[in-house]
Each structure stands twice: as structure tokens, then as C-alpha cells.
Amino acid sequence: MNTLKYNSAILLIICIGILNVNSQTIPSTKASIEGFNDAPKLIVGIVIDQMRADYISRFWNKFSERGFKRLVNGGYLCENNYINYTQSETGPGHAAIYTGTTPSINGIVSNDWYSREKNDRVYCVDDFSRESVGTVLIDSNGKKSPANLLSNTIGDQLHLATNFKSKVIAISLKDRGAVLPGGFTSNGTFWYDNVNGKFITSDYYMDTLAPWVIKFNDRKVADSLMKLTWLPSLDIDKYSESTPDDVPYEGVLNSNVLELNKHTFPYYLNKDTLRKTKYKTLRVTPYGNTLLKEFALAALRYEELGKHSATDLFAISFSSTDYVGHNFGINSIELEDTYIKLDKDIAEILDYLEANIGKENLLIFLTADHGAANNVYYSKDHHIPAGLFDSKITEELLKAYLKEKFGVDNLILKFTNLNVYLNQKLIDEKKLSLYEIETAVANFLLKCEGVAYANIAFEIPIFENTYAFHKWIKNDYNAARSGDVLITLLPNWMEWGNTGTTHGSPYNYDTHIPLIFYGWKVVNGTYLPEVNITDIAPTIAHLLNIQPPNGCSGKPIPVPLNGSR
Ligand SMILES: [Zn+2]
């Protein structure tokens, strides 16, 4: 065969191949969407609190075909979705998902932070100018609003784009899991009041609780669930992905109740009759998710989501996965069983959505706000470096060091969430150099066991964006809310107790989280390149042909759509 001809034939085959591949996988473009009329009727955001990306594969053989597997097998899985800032916590996570930007811009630098202005701790969704709705007025559980959020959300943008014809509803057991996703203009944001076992809101949103929420509360679903005994869904020896039931890495379910002061099955929930703990205990079981599932089905039905002329948005955040993970640790049978039961709750929501709204009219995304680490002693027992960082002791030692070095007492205002806030007023008065003190603090901290980095506020804004953790620390830093020195611990080090675990680091176990798009025209497949938590909101905005949220710094993910030109 003539070489030239042969080469041309190969080139032709390659070209056809490329064209074919492109026609199947080319990302959707604006031109491919025929205006806003072509948009899905309902966007459903499902956030699983503390779900690591590897749980999909770890629990794959235990999942049914109708829940997580249905989303993966029918949707578009972004396998490398990472949080792109260091404070991997619930508040920053939910804010980043729905604002499409990092704490440096949306202001949610942590679940709580120290305010120099108020000389007090600020919790991310507290708003004491508001009143509780749905519970007693003096109850602070309802005094919430998005007032601390500095940029708007995808739901707000949807409202702006549709002249407020869209309906945006956000629900969670956690206030911050609902308030931050709901944004400034939600039509209803509801969370669980763990004092009275009801779903509540604040007068930021409405003056009286929506009738369907009152009706739901009257069903006393939380009370019914607390009559259950938490038993494993499978024979206990089938939990091959987890440690045995009785290991020292797990916390007890409820130390106030004799029968629940243990970490082994079965858990007789009806033994918790204490008013002060009963509704809290529910959160630390899979039935907290079941309660939210029931509330989600009621919201879909009564708010008629997906049945309006414009696209609606429904934000659901499941929190019990986080409570169970913190309490029992990520290797526990309790955690695995919580995911097996959540899989069924998610299946029920998907069944309802597909039967009543239709898969072709729905666009679902499922993600998480953060992951979690292995229990420190579990890691140590397997010879993997890990440790507990004691910020109280470190703070005392640091204070003594600064007093000796600069001859001034009280140079530290607050040491919280690995942020050191210096007494800038006193430093000014004493005509000391802030830069010098920040540097001294950082140098001291770098010598403390468990500290990987101590970065000073002077250097963070001018970090080069070349090194991952520098970039992420920069994405965390908000001059008005962050400290003067930001600490990053070593991998698997944490501020926590001996049992269970936590999160909040820039490391993979905390920042590698799932992301699946499903429904509407989404083509089944996987995407390997790294994407970030902040890319979710601009992807939804792109698919809807609307503006991304106002502070958005993420980029749309090329989710392939059927029928794209
Ligand atoms: Zn947590």
C-alpha cells in the first residue's frame, strides 16, 4: 500500500474518530441551549454532610440500585472534585457550593469566627436582630439569617433571572445547612430545632410558619423515629468495609442515658426520654436523615416544586452523616449503616421526583460540604502519623512567650479555629510592630508539635498562586474576619478528642468530595480532571443560561448534554 495513501487513510480515521468522540462528549455550549424555555423545571441540590468521595466506591456493593448507584449509573460523575480552601467545614462548604466562591469572597471563613468589631464569637448564620418562627420567641435556635454572607447564591441569581417567578426552598437539620444554600431571597428556608423536634425558620423569611410546615410538625415524625431501635440493616459480619462494632475509636451515642452510653448495636432510642437530649440524639442516628427525607417529600408536594412557569430550586442538606461520623468515626459500622439507610432515603426522593416531575425535567446535583479524617488513634495503631493538637496549651505557651519577648501582656485577643487574632489596638498604643509580632507568633507556632504552616496576614494576600496549599490558604483569608496568623496542622492532626473524628484541613481526606450531575439532558459518564466545589454554582448557571452568583470565582464544568449541537 502506498505510504502516503495509507497515512491519509489513518489521518481520515483519526479525524472521524475525533469528530465522533466530540459529537458525544463535547461540552454543552450556550448555543446548544435554546433559550431559557429549554431549562429544567427543577434543580435539586443534595448535599451530604461529611461525605468523602471514596464512600461511593467503599460502600458500592452495599448500595441498592435505586439511590447513589442510580445517580452514578445514569449521571455524570466528576471523580476529582476538591474543596479549594483550607477550612473544610459545614458553613464554608454550603456557602461555597451555592455562591460559587471561596471564604475570602463569600465571607464564611469558618462555622464561627472572632469578630474584632463585636469582641465576640460570630456564628456563621446567627442574626440576633431576628426572631424565631415556629418555636418559642426567646429560643435562639430560630434567630438566623444569611446576614453574614457577603455574596449571593445561585438561588438568588435564579430569582433575578426569572423576575422572581422561580421558587427557591432550602431545608436541613442544621441551620447553616439550610440558610446558606437558601441565600437572601429564598421562598422558604427551614431547619430542625433540636429542642422541640420541629422544623422552624426566622422572621427574616416569614412572619408565621408556612401551613404545610405546621402540618408536618403536627405529625411528630421525630417522636415516631425516636421510638425505633437502631439495628444494622445487614448481619453485623457483613460490614466488611468497617472495623468491628466494639473498638475504642468510637464515642458513645448518649452519655446521659444509661442504655445509650455505649458504642455498640442495638441502640434502643426509646430509652432516651430526656427532653434536653432526645431530639439531639436523633441527629446522631440514620433516622435524622429519614426525618429530613420525610420533610423533603412534604416540601416537594406542598410547595409544588418543579410545577411553575420558571425553574425552581430545592436545596436539601443531610446532616446525620456528619453527626454519626464525628461521634463514631469514619471506619465504624454505624457510619456504614448510616449510608446504607441514607441510600434508601435518597432512592425514595428520586422515585418521587421522577414519578411526579419526570427525569427529563429535573437537574440534580449531589455533593458534600467536606470529608473527614480517620480517628487519630486508629491511624496511630496502624503506624500512620497522626496527632491531637491542643490549642489551649499552645495559646498559654504563646502568651507567655510574647509577654517575655515584647514585655507586654494580652497581645492575643483570641485563639480560635487555628486563627490567632492579635490585639492590634494595644499593639498600636504600645507603638509595637504588628509585622514583627505576627512573625514572632508564626515562628513560635512552627516549633509546636503538629503544626505544618503558620502564615501571617501580611504575606497571605501576596502569595503566588503556584503552590496548592498557599492558594487555598489565600482562598480562606478574609481580612475583616480572619486572624493575624493562620495555622495549618500536619496531615491527620486535628483539634479533637480521643474518639470519633473531625475535619477542617486542606488535606485530601477532608477536601476530596463527590460530585454527580443527573437528569435533564445530562449524558452518563465520568470526568477526570480536577474541579472544585466552587465550580458547581457556575455550572448550574451555565446550564440555565443565567448569570453566575455575583461573587462567583469558579468555572463551569463541561457537563455533556444530550442534543447538544
Ligand atoms: Zn462536621
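**Aromatic rings in our predicted model**

Hi everyone, let's start with a cluster: Phe190, Tyr192, Phe199, Trp212, Phe216 and Phe295 are linked by ring pairs. By a pair I mean rings of Phe, Tyr or Trp (its six-membered ring) with centres within 6.5 Å; planes under 30 degrees apart are stacked, over 60 edge-to-face, and the rest tilted.

A quick word on the source: this is a predicted model, where local features need pLDDT of at least 70, side-chain atom pairs count only at pLDDT 80 or more, and totals for chains, interfaces and linings use all residues. Residues are numbered from 1 along each chain as its sequence is written, and side-chain values use heavy atoms, with hydrogens and water left out.

So, how many aromatic pairs does a search of the whole structure find? The search gives 30. One of them is Phe190 with Trp212, edge-to-face at 5.6 Å centre to centre and 80 degrees between the planes. This pair links distant parts of the chain, 22 residues apart: Phe190 belongs to strand S8 (residues 188–193) and Trp212 to helix H8 (residues 211–218). Helices (H or I, at least four residues) and strands (E, at least two) are DSSP runs, numbered from the N terminus. Are these two buried or exposed? Both Phe190 and Trp212 are buried, meaning under 20% relative accessible area, with exposed over 50% and partly exposed in between (1.4 Å probe, protein chains only).

Next, Phe469 and Tyr507 also pair edge-to-face, at 5.4 Å centre to centre with 75 degrees between the planes. Phe469 is buried, as is Tyr507.

Finally, Lys174 lies over the face of Tyr323, 5.2 Å from the ring centre. The cut-offs there: NZ of Lys or CZ of Arg within 6 Å of the ring centre and within 35 degrees of the ring normal. Thanks, everyone!
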